[in-house]
Amino acid sequence: MSLKINPLHAIDFYKADHRRQYPVGTEYVYANFTPRSSRLAKMLPDFDDKMVFFGLQGFIQHFLIETWNEGFFHLDKAKVVSAYKRRMDNALGADAIPVDHIEALHDLGYLPLKIKALDEGSRVNMRVPLLTIINTLPEFFWLTNYIETVLSAELWKSCTTASIAHEYKRLLTQYAIKTGADLDFVAVQAHDFSSRGMSGIYDAAQASAGHLTSFIGTDAVLAIDYVEHYYQAEGIVGVSVPATEHSVMCMGSEESELETFRRLICELYPSGVVSIVSDTWDFWRVITEFSLALKAEILARQPNALGLAKVVFRPDSGDPVKIICGDPDAEVGSPAYKGAVECLWEIFGGSITPQGYRVLNQRVGLIYGDSITLQRAQDILLGLEAKGFASNNLVFGIGSYTYNYLTRDTFGFAVKATWGQVNGVGRELFKDPITDSGVKKSAKGLLRVEKSAAGFELFDQQTATQEQSGELKTVFENGQLIRSCSLEQIRQRLDQSLSV
């Protein structure tokens, strides 16, 4: 029997009794989910202090609808209530948490909540809420912040990976334009290798779905399933190529490495793209001697239906900037001194862009996927530019060093209540700790978000009528997804932001 998530238990224990801690007569609790600060601003000098909103629709369908139905509403009431009581009694003490409100929720048969949100794919300014949430029935006021733990845990990561993916695309687009590279190539120039380094396979699917909002290059098969299921993704969602790993090369033996390359290039993959890990032993021998020995076979490869016939060499260790662009401290004239792109140019040549930058022969290329970060990617692009090479001579493998070396605080995400109603009277709520730098200061009261010349702007302390207008639109209400978007719409919004 497999473990199925009990949605009642997807909380921190302290959430369980907040229902009784609110003032007697509490009827409504209104909260928001907001990025409060950006660590990327410290890493990227041209970062514009905005992040990408992505992942809510998947969370709504997977957790608020599917998981709550399968793990609570569609199960026997006595069974789920007793399971909840046992968990609370064992951890907090016998009868510490009453269960009448849980019974009432099961009888209702759906989550009485309303979520209003910005469009997914929007690039949102810091301190502007992505969504608001409120209970729709007064007796279930406790639900709004009861789901804070899972709301935060399920949303911060996909928003963060989508934001970082967009920064890669912005960077790659900038250098493609600057060096005259093919702009269509950018969609596959950042390739997602992160799955094995993520915090579980479902995390890998969600996080890598964020990558797919800006790129189609991916090795994360489950991410494609995720966006097809939850974001109506169609057509070209994600693409990859045949590629080796070190076990393949080792099994072929060091003595027969050249023959392994020849078998891969000529027999197994005589057309299309094949990526071959090339540093199992001596990368510089591969990139100079082996590539020269196989030059005729590489140039004779036939294009596939997409017109592709490329052998991609993959270094996987060392300093990526020096490996690709050359090491000025290496012996002058050596392959290490020249760098991989220069070595391949000497053997295969290529073409010149209108801007005067060199592009390798279309039959060869490079991919580097070890510990790539935005800063390292920028350093490599700068190095290529300095050597007179266009940006599209290299594909970046983006792994967990980028997509899992993160926390909720990368964008300072937080769920905070800013309004409530007690005995028919509204109350504006806010926090502003005197011991804090100001980052934790919350908005106050009902909220409205409007588009402005600078992006999105928050207006707090709104009337009920004012709160109904603006860019926050109802996407979930009373157990139903009200408003949906597709992956294609999200991609279009993000592509439009590149040209702004």
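1. A quick definition to start: buried means under 20% relative accessible area, exposed means over 50%, and partly exposed is whatever lies in between. With that in hand, C266 comes out as partly exposed, because its relative accessibility is 33%. Keep in mind that this is a predicted model.

2. On to the other cysteines. C325 is buried, at a relative accessible area of 9%. How many disulfides are there? The count comes to 0. C325 is in no disulfide, and the nearest cysteine sulfur, which belongs to C343, sits 12 Å away.

3. Next, V277. You'll find V277 in strand β7, which covers residues 272–277. Is V277 buried or exposed? V277 has a relative accessible area of 0%, so it counts as buried. Leaving aside residues up to four places away in sequence, V277 touches T244, E245, H246, M249, F261, R314 and D316. As for T179, 98 residues apart from V277 along the chain, the two C-alpha atoms are separated by 27 Å.

4. Last, a helix pair. Helix α4 (residues 77–92) packs against helix α5 (residues 100–108) at about 150°, and the axes are 10 Å apart. Angles over 145 degrees count as roughly antiparallel, so that is the label for α4 and α5. Their crossing is right-handed.

5. Which residues make the contact between α4 and α5? From α4 there are K77, V80, V81 and Y84, and from α5 there are H101, I102, E103, H106 and D107. Sorted by class, this contact has 4 nonpolar, 2 polar and 3 charged residues.

Terms used: Residues numbered from 1 in each chain as written. Predicted model: local features only at pLDDT ≥ 70, side-chain atom pairs only at ≥ 80, totals over all residues. Heavy atoms only, no water. Disulfide = S-S within 2.5 Å. Buried < 20%, exposed > 50% of the residue type's maximum accessible area, 1.4 Å probe, protein only. Helix = DSSP H or I, 4+ residues; strand = E, 2+ residues; numbered from the N terminus. Contact = heavy atoms within 4.5 Å. Axes fitted to C-alpha atoms, helices over the stretch in contact; angles between N-to-C directions. Parallel < 35°, antiparallel > 145°, perpendicular 65-115°, else oblique. Left-handed = near helix turned anticlockwise from the far one by under 90°. Nonpolar A, V, L, I, M, F, W, Y, C, P; charged D, E, K, R; others polar.
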